[in-house]
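These are my notes on one structure.

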Amino acid sequence: MTINLRNLFKDIDRRYGITYTYRRLKRRSRRPFFCLIIGAIIIFYLLTRWMPHEVTQKNINYDRCLRNRLEQFSRDHEEMSTIFNHEPIQYGEIVSLPFTGNGYLGLSLSSQSQIQLLTDIRSPFISSGYSPIVHISSDTWEASSVTIVQMKQGLVRRIQCFKFSQERSAHVTQTLYVHRQRPSLIVQEIEIINPSEHTFDLELQQKSQISKIDVKQLDEQNVQFDSSKDIYLMITNQLSTRQNNLIIYVIITNKVISNTHVKSGSLEKQTILTVVKFSQPLTKTSILNETYFDEWKNRLQKQAKEDMASALSISTVRLLKEHINTWSSIWQSGFRISRSLAPSAMNGDIINRTIYYVLCSTPSPIYEFNIDEVKRNEFNQSLFQMDQCYESHSTLIGEKLWITPGDDLAVSQLAHLWRSTLSRKGCFTLMRSGADGVLQSMLLSIGGIRFRTHHLEMYLDPKELHRDMFFRSINFGKQYHVNISITVAHDNRAVIDVSIDNDNAQAYACDAGCLDPPTKLSREPIRFPVKMTSPPTAILYIAEDFEYMVQLKDTLHVKEVEIAPPHAHDVLALHRHGHKLGGLPVLFWIVLAFLIIIFHLFLLKIILNEMGFFKHTLPTYTRARVL
């Protein structure tokens, strides 16, 4: 028997009216369906606005010429020891003053900067009113530029690209530094490369003397040195200070040609050397003595000539190497912290920049050429006199200590605030050694590390150890340094790794409470858990005497000691991803929430249909009798 399905469906439709019912339901449910879709779209939009967004670095399409020039600094930039500032500032960059100094002189690579004189580390900078900075421009070619602060090398650079076409650009690199081993020397190097087929015309401007009411010019003359054919300008000025004292200073610098023409496919280099010698603040009464005044002026002029002759006697490559090696020696100690994407979090670039500014405002007599060995040994001795430094909580929470200086004077004020803070917390003797001692003091203050008579202890709140930290080469005794690393492990608990850089040294460590036997330290890191005690004590102790460490346990007097609990996942996620939702992209959570809402809306519609919320009047069919 053959069944005709088409006739069967027609018969069912004729008897029960299914097609009519479906069409009527479709017409009546169309409006709620469209309202449902529109509502879902609105909810999706609001979710994308309200949900937190992960902070990421945008891939900005910089000028190709600048991008190629910056490749050589990319590794240091990733390690947060180098800062880029494009003009104008690009997304993700922190505005930083391109400042360089050596504790006697300071200068920034900006149009408003002048040579700053530091007569005393307890006093602010004194502006000389003079700027040797050469500003380079072109009226013909389109320019783009970036400023670079190389903190580990003590250098600031400006790279300018002048576009001839989409494919070809000439570039100019300016390098500025205040020499670390030669306190009176400022070096500015200019390198111009023209790979195009055109002659490259540039205008070089040097503002030189800037008119100031409190500056009086005493003398100006041209000088020449045997080792150079160039003519140098020597200026002698008198400067009035706010304390109604007078300073005599002498400046010797190159004469700069205002315009330069670089031929096609050629390279041109210029070096501008500037020597600055200045007196101590003199009273106006003493200046009235002409003999005394002339003695100071002649002495400074003679010293300036000697310093310039010494700088000219060696190559610029050697000058740069001396400077970089000295900064590398200072930066043997340091601090590193993992990057945080949390709002307003302070990262390594800001910390390194602040330390760099303070070091630029601090002399380093240990490395200077013109200091006698007796003084050098005294400064070296004070570098290891750390007792009672640092007596307070971590300086990481002090907002004023990490501000962004906008000009040279702000750098001076920031450095003064740091030195005042550290001096009042027991670090005065340590800082007498100069930049090395100041760096050690800053590292101790960041880590809440305190030196006692015979031991070191680290005071950090276990509840605040959300990020990885590494303290490199903390001075501990004259024979070795200590390295301390704090890491958040996979179980979200913080742990401490400690090592020393000399296997022949005797050093022991224990964690909070010192209930466990002291552990001997070596070059291989020794791991300790972060513990909490009641009452709160240090999380780490280090000493050179084993018996002393054993007895230390009996002097701590703690009631309870337990391993610190794991950190909350949302707190760690905020630092690692910029939001509290974990490592998955924010868009994933938005889509998931959207799907859940849509599902529940459809479920609600089905329930309302079953409850008769959408009532429809269906036609009544009378079933025909079959005789």
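I looked up the largest pocket and found about 1,100 Å³ of space in it. A pocket here is an open set of points on a 1 Å grid over the protein atoms alone, where a 1.4 Å probe fits, with protein on both sides within 12 Å along at least five of seven lines; lining residues have an atom within 4 Å of a point. The volume is the space filled by probe spheres set on the points, which are joined across faces, edges and corners.

The model is predicted: local features need pLDDT of at least 70, side-chain atom pairs count only at pLDDT 80 or more, and totals for chains, interfaces and linings use all residues. Residues are numbered from 1 along each chain as its sequence is written, and side-chain values use heavy atoms, with hydrogens and water left out.

I counted 40 lining residues for the largest pocket, with G103, Y104, I121, P363 and E368 nearest its centre. Helix 10 gives the largest share of this lining, 7 residues; helices are DSSP runs of H or I, at least four residues, numbered from the N terminus.

I then checked L409, which is in helix 10. L409 is partly exposed because its relative accessibility is 38% (buried is under 20%, exposed over 50%, partly exposed in between; 1.4 Å probe, protein chains only). Its C-alpha atom is 8.7 Å from that of Q116, 293 residues apart along the chain.

Last, I looked at charges over rings (NZ of Lys or CZ of Arg within 6 Å of the ring centre and within 35 degrees of the ring normal). K152 lies over the face of W331, 5.3 Å from the ring centre. R180 has its charged end over the ring of W327, 4.7 Å from the centre.

Methods:
Helices (H or I, at least four residues) and strands (E, at least two) are DSSP runs, numbered from the N terminus.
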